[in-house]
Amino acid sequence: MAAFIDAGYFVATLTFVGGLKFLSSPAKAKSGNILAAIGMTLAVGLTFYSALTNALPAINMMIILGAIGIGTVVGKLMSSRVEMTGMPQLVSLFNAMGGGCAMLLGIIEGQQVGVSSLPLNVQLLLAGGLVIGAASLTGSMVAYFKLAGKLKDNRNRALIYMARTSLVLILGLLIAFSFGLLPMSFVNLIYILAFLSLLYGVLFVWPIGGADMPVVISLLNSLTGVATALAGLVYANKIMIAGGIFVGAAGLLLTLLMCKAMNRSLLKVLAGTFAKGKGAA
Amino acid sequence: MEFINQNLDTFYFIALCLFLGIEVIANVPAILHTPLMSGANAISGVILIGAIIIMLKVEPTDYLSLTLGGLAVLLGTLNIAGGFFVTGRMLAMFSTKKK
């Protein structure tokens, strides 16, 4: 049975590669989207099936089925009602949800660690996925509000310094924890990291100009892919690793291509400054 | 050193996926940037699998984790379903424009 599921995962992984390939050619883009969607349905179905055969408690099963049902219907409604001009921010909103999912995985897993202690490298993978997911969640939300015109640009220097401080704090905590220098439990570390990362996502995107938002969304999308890959490493699940890394790598390249199409360098976009000599690039 | 030895397969896997992910979209035309971003976003929703796996481990009496896990499944599903539907709509827009 396990071999059957692994084979299904392998097929689904292939559809992701094929889907991305087709999506990047104008004639086949539609079939690429459908192909990847079929692969995703297959992968989720197989995971649910394998959960069922592993004696999944009835309550858990009902929650999963309910959440998947509601999510599919709401996702369909949200995407069919959006105006054509509103699509980029909707993508950002969906990306925020993926980031939120990654963050929740870290939090739940962190709470369970009290019962069974995990090896250090797994704890670090979890913490990394949580940090990236949380930053991607709030960053994408800010991008969404900016594109929807509900939030104005704010180029206050203080925001940029606070963003850098929180990033340094996050990295410092992770490094200190990995050397065993932190006198705190993993659960508390997870909560502190989640808070700092949520804050960092806001501070990081807020000063960036509204016109650069598509690039930022693409970058955050790539980051969600990385968070997915880290979670996949925790569960040793190859399709999560592969899917996450495809998105991470393709998203990063796409970010660079979008910058190039706008004649801006990624660093300038991230610094939130408008290039003064626009022809210079 | 032992760590590297034990995980060598994973390192190969990650490196190859990395190059594949870059190569496969290298020739994308600018008009497809947004649909491709949206499609890739939907694929990153594969994290839903992780949310389902974690629901396996949660005790049926641990209501906090059950709620958070249910929320994680919901968010992951929204990411996937919304992502693919939005991509479909964007692409449908392209073909009507051409005809």
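Let me begin with a term. A polar contact, as used here, is a pair of N or O atoms within 3.5 Å; within protein, one of the two must be able to donate a hydrogen and the other to accept it. Please also keep in mind that this is a predicted model.

With that rule, 13 residue pairs are in polar contact across the interface of chain A and chain B, counting pairs in which both residues have pLDDT 80 or more. On the chain A side, the helices that each supply at least two residues are α1 (2-23), α2 (29-53), α3 (58-81), α4, α8 and α9 (238-261). The most comes from α4(A), which gives 17 residues to the side touching chain B. By residue class, that side of chain A divides into 57 nonpolar, 24 polar and six charged residues.

Now to the extent of the interface. The size of an interface is often given as the accessible area lost when the parts come together. Here chain A and chain B bury about 7,100 Å² between them, and 81% of this lies on carbon and sulfur atoms. Within chain A, the residues that lose the most area to chain B are A:Leu23, A:Met40 and A:Ile108, which together make up 8% of what that side buries. In terms of residues, the contact takes 87 from chain A and 73 from chain B.

What of salt bridges? Over all chains, a search of the whole structure finds two. B:Lys57 lies in helix α4 (residues 48-57) of chain B, while A:Glu109 lies in helix α4 of chain A, so this pair joins two chains. Their side chains meet at 3.0 Å, N to O. Across the interface of chain A and chain B, the rule finds one salt bridge.

Rolling a probe the size of a water molecule over the atoms shows where empty space is left. How many cavities of 30 Å³ or more does the structure hold? There is one, and the largest cavity contains about 50 Å³ of space. Its lining includes A:Ala102, A:Leu105 and A:Gly106, together with A:Leu125, A:Gly129, A:Ala227 and A:Val234, among others. The elements giving two or more residues to this lining are α4 (87-113), α5 (120-147) and α8 (213-234) of chain A. The lining residues comprise nine nonpolar, two polar and no charged.

Thank you for your attention.

Conventions: Residues are numbered from 1 along each chain as its sequence is written. Chains are lettered from A and ligands numbered from 1 in the order in which they are written. This is a predicted model: local features need pLDDT of at least 70, side-chain atom pairs count only at pLDDT 80 or more; totals for chains, interfaces and linings use all residues. Side-chain values use heavy atoms; hydrogens and water are left out. On a 1 Å grid over the protein atoms alone, a cavity is a set of points where a 1.4 Å probe fits but cannot get out, and a pocket is an open set with protein on both sides within 12 Å along at least five of seven lines; lining residues have an atom within 4 Å of a point. Grid points are joined across faces, edges and corners, and a volume is the space filled by probe spheres set on the points. Helices (H or I, at least four residues) and strands (E, at least two) are DSSP runs, numbered from the N terminus. Ala, Val, Leu, Ile, Met, Phe, Trp, Tyr, Cys and Pro count as nonpolar, Asp, Glu, Lys and Arg as charged, and the others, Gly among them, as polar. Contact means heavy atoms within 4.5 Å. Buried area is the accessible area (1.4 Å probe) that two parts lose on being put together, summed over both. A salt bridge is a side-chain nitrogen of Lys or Arg within 4 Å of a carboxyl oxygen of Asp or Glu. A polar contact is a pair of N or O atoms within 3.5 Å; within protein, one must be able to donate a hydrogen and the other to accept it, and residues adjacent in sequence count only if both atoms are side-chain atoms.
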